[in-house]
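Dear colleague,

I am passing a structure on to you with this email, and below it you will find notes on what was found in it. Please keep the structure open while you read.

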Protein chains: 2
Amino acid sequence: MASPGSGFWSFGSEDGSGDPENPGTARAWCQVAQKFTGGIGNKLCALLYGDAEKPAESSGSQPPRATSRKAACSCNQKPCSCPKAEVNYAFLHATDLLPACDGERPTLAFLQEVMDILLQYVVKSFDRSTKVIDFHYPNELLQEYNWELADQPQNLEEILMHCQTTLKYAIKTGHPRYFNQLSTGLDMVGLAADWLTSTANTNMFTYEIAPVFVLLEYVTLKKMREIIGWPGGSGDGIFSPGGAISNMYAMLIARFKMFPEVKEKGMAAVPRLIAFTSEHSHFSLKKGAAALGIGTDSVILIKCDERGKMIPSDLERRILEAKQKGFVPFLVSATAGTTVYGAFDPLLAVADICKKYKIWMHVDAAWGGGLLMSRKHKWKLSGVERANSVTWNPHKMMGVPLQCSALLVREEGLMQSCNQMHASYLFQQDKHYDLSYDTGDKALQCGRHVDVFKLWLMWRAKGTIGFEAHIDKCLELAEYLYNIIKNREGYEMVFDGKPQHTNVCFWYVPPSLRVLDNNEERLSRLSKVAPMIKARMMESGTTMVSYQPLGDKVNFFRMVISNPAATHQDIDFLIEEIERLGQDL
Amino acid sequence: MASPGSGFWSFGSEDGSGDPENPGTARAWCQVAQKFTGGIGNKLCALLYGDAEKPAESSGSQPPRATSRKAACSCNQKPCSCPKAEVNYAFLHATDLLPACDGERPTLAFLQEVMDILLQYVVKSFDRSTKVIDFHYPNELLQEYNWELADQPQNLEEILMHCQTTLKYAIKTGHPRYFNQLSTGLDMVGLAADWLTSTANTNMFTYEIAPVFVLLEYVTLKKMREIIGWPGGSGDGIFSPGGAISNMYAMLIARFKMFPEVKEKGMAAVPRLIAFTSEHSHFSLKKGAAALGIGTDSVILIKCDERGKMIPSDLERRILEAKQKGFVPFLVSATAGTTVYGAFDPLLAVADICKKYKIWMHVDAAWGGGLLMSRKHKWKLSGVERANSVTWNPHKMMGVPLQCSALLVREEGLMQSCNQMHASYLFQQDKHYDLSYDTGDKALQCGRHVDVFKLWLMWRAKGTIGFEAHIDKCLELAEYLYNIIKNREGYEMVFDGKPQHTNVCFWYVPPSLRVLDNNEERLSRLSKVAPMIKARMMESGTTMVSYQPLGDKVNFFRMVISNPAATHQDIDFLIEEIERLGQDL
């Protein structure tokens, strides 16, 4: 296992730099020196810290020193973000940073140092000669480093080292050859927006403490509803912590719409409710039903065709069956872009059935929603405008940093009625501004993270046409992959036909298996191929792609492309890598 | 209303800089120039962009130009984060940034530019001469700027302007005089950690894609359980998106522990369940009960004493009452640090009752949990070690950036049994590493934001003793405030006695009301005082503090101190400001 230089984690106080017993000496002198004006203070500090640092420069095999490339700064700008600012972080602690007296200079230098580490990581993330992952087993990572939390503080040099080490073992999710999840890529404007969000460090519950973000959420949700096709973008919605929670909201609101008394009386006061979704739908529907006291047995899984699309006739049959038993169908959740196959349920047919039986129609477009941005591909979601609610995760196909998931609701006011508790310490009714912007009481959460700004800023930077171009390109790449492997020796497609989304599902069949009859033994051996190749991929760190079994189909690769960095060459590389790692199996 | 220079939002293409019709010209030339080695390319680009920018420099009344302080860079470092890098952002778009070919240089310059904006904001946040808030009414903010999302992209200069404008109207939640919420302050190490989290852009569901973060969550939750007092730190837990969700988890798990069949069968299969919490507890208990299909009527609010502490005898009485009706008490949620009074329920007495009647004991220590870090104050949570589950939000009293909320559970494995759905596309059972680190299936969420790193890094930087010092200081400041106002003319305390947490609740009584008898008219007028002062505070932007009514008590101020930047002088300032703004009412 590759490991950084020994002593890495105890670097600051054992490498001979400065005086670990008395870290405050240079700092104390510097604080005095800072009282001089005209840049003299800075120069004196630079001298003090600079001299103290010199011995450390000769310590040989250490990882690149965060401090080593600095020279004295005397720019005296406010704020000085000059990378020349000279600081020896081994002498500094968190208590020296703002809001400490004289904390401005070390703070700016420290944050700039962190930023340099992050920028190096960003550049590396896009470099194909860098590994996607430097894999270590959990026990290795746990045992080789001291991650424990202690009573005593560490100095800022150690803190900077922790940042470097954390990134060393991180998965480069922006790497052009990272295809492992539905959320891939690292958008630079989205990243900048997320840094800003962290810096603003506020909460979405009231306009009072998040005025701009609340307005941007309003504007952005309205735009998304317009794109869905609801007249004038009217309706409601919220950014929630992920698609599973968005789907749970839909179920919660659908139940409340039909039986508002459930809020006070609970499930005991209502008949048995039944939800319907396809057998290929996301597991969060069942998870939500379990949590909401509906129970997983009351989620009926509707059969899919060979492409993974819900079969409307089976839906109608199961609705009738439930009604005959005296149960109450209250929700159909159709999927636009299933997790594994990328299938789009026939939304128009589902909408007709929901209308006929007066059932809330939800569309889980967590993965497929992005296609609404593409004039070429949005037909796949025809009928979404007839939904009562839609889950749409811009953090998936639209490349917004994690997390950014929206739940859109056609009827305005329902979320508020369903969830409000009128907490008088937050939602005072005698505030001096328009209270309709205090959106917190329609949420399940109390405090809520600002997830909207990264989407809003990316949308400004790319325009709708920029998202469209990204989506069209990813779908084109998926088709390219499909065309390569559909007739290639050693590959079998899990289902026939061109991909509807970017999901391409296939088996790689190593030469030793190609000669076998299609029997139990072959299936058993085939089921072990993808996990073996995946393990080798992670150990070599060259690329990452997901696999899973589904129904009676043994482990197969599910390739998905949402990564803006991926090119045709990266698709070629993936195929070559699968063959390189799997040919001897 | 103060507003930035006119044309602010349409700055890039209308100020005469460069050629808006043909933004790609300089870029295209620069891309050619970049093929030269030895820094020549950079110099050529600098010349190209530099020349193009000159006309804009003379455009007078514009806001400070993001680009204006730059001079040519020829350092040729990789990555070059040199602030001298000369770029005219009006010529650049998101498509010029990584992963674009030759995107490295503009990316580093752009991100550095964003960072400069953020650093300026950070410095301002701690400057007492800066306003806490530059308040505008929602319709003003909505109408004066064009926040709408469009088809076409904007250039990066406009994007940088949006960042500046967003921060201009943001609440400075780190400002020393911001006391409005339980979460205040801006920790520099926490901020750095959150920037890193954004840059790593991954998801907590599997070790596969978040190895370090999953391990840090394991280490941190274990440490928190040790501090709670569970033997060896054993047990379970998760970081969830806020205290309300953490409390909902507790209710969900308590129900599952007693009636595991509820997962499949729903609430129809179980008797009527009753939860108990105090009348001063957080509204999320009722919100959770509504969502989980238990119903708000099944949450019994137990009476509190005059200090806001739950009265154990009333709890026992209500439990017996519920049992007599044939209902099943399944959860008592005691509060350690109530939202308004900062009261600590008597946990030992509650624990005895829970033991006697075999009821799950939850402690909502979202606000009070931080006191466990203080040897001086942790006695207030005596008995928390007997809880079955604890909510503890480090983003409140411990100053971790939003969001960071933990739910700790004493029994290991229960969360997993309660929530798992075995999604085979994520939690493959044939992976090559120890699957116990794939923690995603115990969550309600599927994708889950990385909330642990900021807490972990802050803990490393401050040590437990650093958190302790912060907490002791905040409580000392609260006592200082209490001592100032308890006998000061014009102040009435909402309850007697020293504060147990940092909550200090009081009425300010303007001179005109001091002469009135304590009758309906006085109460009616008093109820309008706090909202009026608060509105004036926000309009003048000098400080922010919360107010609310509670029970039969009309609007009063609830001062809370969790802000590490606050000093005695800031407390003095608050009092003076209340008097300045309220004396004529």
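Helices (H or I, at least four residues) and strands (E, at least two) are DSSP runs, numbered from the N terminus. This is a predicted model, in which local features need pLDDT of at least 70, side-chain atom pairs count only at pLDDT 80 or more, and totals for chains, interfaces and linings use all residues. Residues are numbered from 1 along each chain as its sequence is written, chains are lettered from A and ligands numbered from 1 in the order in which they are written, and side-chain values use heavy atoms, with hydrogens and water left out.

Chain A has a cis peptide bond from A:Leu98 to A:Pro99, with omega near 10 degrees, and A:Pro99 belongs to the loop between α3 (40-53) and α4 of chain A. Another residue to look at is A:Lys358, which has a positive phi of about 55 degrees although it is not a glycine, and which sits in the loop between α13 (347-357) and β6 (360-364) of chain A.

Next comes the interface. Contact means heavy atoms within 4.5 Å, and 158 residues of chain B are in contact with 158 residues of chain A. Together the chains bury about 13,900 Å², 67% of it on carbon and sulfur atoms, where buried area is the accessible area (1.4 Å probe) that two parts lose on being put together, summed over both. B:Leu149, B:His432 and B:Arg460 supply 6% of the area that chain B buries against chain A, more than any other three residues.

Finally, a salt bridge is a side-chain nitrogen of Lys or Arg within 4 Å of a carboxyl oxygen of Asp or Glu. The structure holds 58 of them over all chains, and six are found across the interface of chain B and chain A. A:Lys534 pairs in this way with B:Glu208, the closest N and O atoms being 2.5 Å apart. Within chain B, B:Arg318 forms a salt bridge with B:Glu321, with the closest N and O atoms 3.2 Å apart, and both residues lie in helix α12 (residues 312-324), three residues apart, about one turn of the helix.
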